[in-house]
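I opened this model to look up a few local features. My notes follow, entry by entry.

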Amino acid sequence: MNNLKVNLHNVRSRVADTCKRADRDPDEVTILAVSKKHSAEKILALHRLGQDCFGENYVQEALAKMNQLSEMDQSLTAENTGIEWHFIGPLQSNKTREVAQNFAWVQSVDRIKLLRRLSKQRPGDLPDLNLCIQVNIDREPQKAGVLPEALPELVQAALSLPGLRLRGLMAIPKAASAEHDPSASYELMASLFSQLKREGVHLDTLSMGMSADLEAAIMHGSTMVRIGTDLLGPRPPADSTNET
Ligand SMILES: *Cc1c(COP(=O)(O)O)cnc(C)c1O
């Protein structure tokens, strides 16, 4: 587990160095550890090193690990002292109740039906559920997310429903390659985010950037980078679970 310490140090340094280049305060950028396909033991080890926010993509996998973690250490599930859980995977409406009951954040909301269900199903004794609306910034048919032109309607719905606290936007821009320069996508995300703020919507979270592109995302204004591989190592091949 010693490499976790090195990984965390390296990712924090990359964030700090990039913030310096961008003339930004490193405290503006949150590191979310993406722990899909990684064990509860590994999550606990990284948490003990000072990493508090974790992102999961699959509901059943996440709930199983949350249970294991609370058996290892009860304080991990206590409010404010424990891990802050973010749901970041594609969300099906038959899974919203479990998400509303067990996560502090959902970053992958992309339709009104999900907003209505999460609002209704968020337990009244928990703080409002923090939300990011996922934007399909490159208009890729296989990717989740709302198209930019449909974003304002979803923002209005999120603001009007009880139990929800809209925090910002999330995107997974198409990866950079010899044929594709993603700069325009980052810029479009940053402009959608600042446009909403100019209109008076209180937002503080622009979630973009992963292991391979955290620098580019931070240069374009990201306030949350979602890091899996470079923190927790390579994931086991996808066939180890059948959940979608
Ligand atoms: C898996 C995943 C990540 C992390 O990806 P890495 O390349 O391993 O850092 C970030 N965001 C989302 C939505 C993911 O599904």
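I began with K37, which counts as buried because its relative accessibility is 16%. For the cut-offs, buried means under 20% relative accessible area, exposed over 50%, and partly exposed in between (1.4 Å probe, protein chains only). I noted that the model is predicted: local features need pLDDT of at least 70, side-chain atom pairs count only at pLDDT 80 or more, and totals for chains, interfaces and linings use all residues. Residues are numbered from 1 along each chain as its sequence is written, and side-chain values use heavy atoms, with hydrogens and water left out.

**Entry: positive phi**

I placed K37 in the loop between strand 1 and helix 2 (40-48). Helices (H or I, at least four residues) and strands (E, at least two) are DSSP runs, numbered from the N terminus. K37 is not a glycine, yet its phi is positive, near 70°. Most residues other than glycine have a negative phi. I then turned to D23, also not a glycine, and read a positive phi of about 55°. D23 sits in the loop between helix 1 (2-21) and strand 1 (30-34). Is D23 buried or exposed? With a relative accessible area of 72%, D23 is exposed.

**Entry: aromatic pairs**

How many aromatic pairs does a search of the whole structure find? I got 2. Rings of Phe, Tyr and Trp (its six-membered ring) pair if their centres lie within 6.5 Å; planes under 30 degrees apart are stacked, over 60 edge-to-face, and the rest tilted.

I looked at F54 and W85. Their ring centres are 6.1 Å apart and their planes stand at 45°, so this pair is tilted. F54 is in strand 2 (residues 53-56) and W85 in strand 3 (residues 84-87), so the pair ties together parts that are 31 residues apart in sequence. F54 is buried at 0% relative accessibility. W85 is buried too, at 7%.

Next came F87 and F103. Their ring centres are 5.4 Å apart and their planes are at 80°, so I logged the pair as edge-to-face. The pair links distant parts of the chain, 16 residues apart: F87 is in strand 3, and F103 is in the loop between helix 4 (96-102) and strand 4 (105-109). F87 and F103 are both buried.

**Entry: cysteines**

A disulfide is a covalent bond between the sulfur atoms of two cysteines. The rule I used asks for a pair of cysteine sulfur atoms within 2.5 Å. By this rule I counted 0 disulfides. For C19, the nearest cysteine sulfur is that of C53, 15 Å away. For C132, the nearest is again that of C53, 12 Å away. C19 is buried at 0% relative accessibility, and C132 is buried at 0% as well.

**Entry: Q121**

Q121 lies in helix 5 (residues 112-121). At 9% relative accessibility, Q121 is buried. Its side chain makes a polar contact with the side chain of T96 at 2.7 Å. A polar contact is a pair of N or O atoms within 3.5 Å; within protein, one must be able to donate a hydrogen and the other to accept it, and residues adjacent in sequence count only if both atoms are side-chain atoms.

**Entry: Q195**

I found Q195 in helix 7 (residues 183-198). Q195 is partly exposed, at 33% relative accessibility. Q195 and T229 are 34 residues apart in sequence and 32 Å apart in space, C-alpha to C-alpha.
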